[in-house]
Amino acid sequence: MEAEKWGRRIRAFRKLKGYTQETFARELGVSVSVLGEVERGNRMPDDSFKSQVALMLNISVEELAPPNGSKLR
């Protein structure tokens with residue numbers, strides 16, 4: 001459940017900033033399949049991944065975090 005929330009947020013912000021999944025994955029240095037797994041909620045992003053995503057999107061990890069008391073872990 002938590003992974004799904006993170007994935008939805010990452011996907012929404014990625015699209016908002018105009019990145020395709022392919023371009024964003026390349027910029028992050030991960031495969032499209034890894035990014036897809038995260039965005040679908042099949043893989044929980046670790047702290048390093050969250051930080052990289054936030055940096056690429058020019059937002060804070062706190063902004064990226066799902067609402068409703070979700071922990072940043």
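This report walks through the fold and the salt bridges of a predicted model.

## Overall fold

The protein chain is built from five helices and zero strands, so along the sequence the pattern simply reads α-α-α-α-α. Its radius of gyration is 11 Å, which agrees with the value near 11 Å for a compact globule of 73 residues.

## Burial, surface and charge

Of the 73 residues, 37% are buried. The accessible surface comes to about 4400 Å², with 49% of that belonging to carbon and sulfur atoms. On the charge side, there are 13 positive and 10 negative charges, and their mean positions lie 4 Å apart.

## Salt bridges

The whole structure has four salt bridges. One of them pairs Arg 11 with Glu 39, with the closest N and O atoms 3.7 Å apart. That pair ties helix α1 (residues 2-16) to helix α3 (residues 32-40), bridging 28 residues of sequence. Glu 39 is buried at 2% relative accessibility, while Arg 11 is partly exposed at 26%.

Arg 43 and Glu 37 also meet, at 3.1 Å from N to O. Both ends are partly exposed, Arg 43 at 37% and Glu 37 at 26%.

Then there's Asp 47 with Lys 50, at 4.0 Å. The two sit three residues apart in helix α4 (residues 47-57), so about one helical turn separates them. Asp 47 is partly exposed at 41%, but Lys 50 is buried at 2%. Elsewhere, shared partners join Arg 11, Arg 14 and Glu 39 into one salt-bridge network.

Technical notes:
Residues are numbered from 1 along each chain as its sequence is written. This is a predicted model: local features need pLDDT of at least 70, side-chain atom pairs count only at pLDDT 80 or more; totals for chains, interfaces and linings use all residues. Side-chain values use heavy atoms; hydrogens and water are left out. Helices (H or I, at least four residues) and strands (E, at least two) are DSSP runs, numbered from the N terminus. The radius of gyration is taken over C-alpha atoms; the globule rule is 2.2 Å times the number of residues to the power 0.38. Buried means under 20% relative accessible area, exposed over 50%, partly exposed in between (1.4 Å probe, protein chains only). Accessible areas come from the Shrake-Rupley method with a 1.4 Å probe; for residues, only the protein chains shown count as cover. Lys and Arg count as positive and Asp and Glu as negative; His and the chain ends are not counted. The place of a charge is taken as NZ of Lys, CZ of Arg, CG of Asp or CD of Glu. A salt bridge is a side-chain nitrogen of Lys or Arg within 4 Å of a carboxyl oxygen of Asp or Glu.
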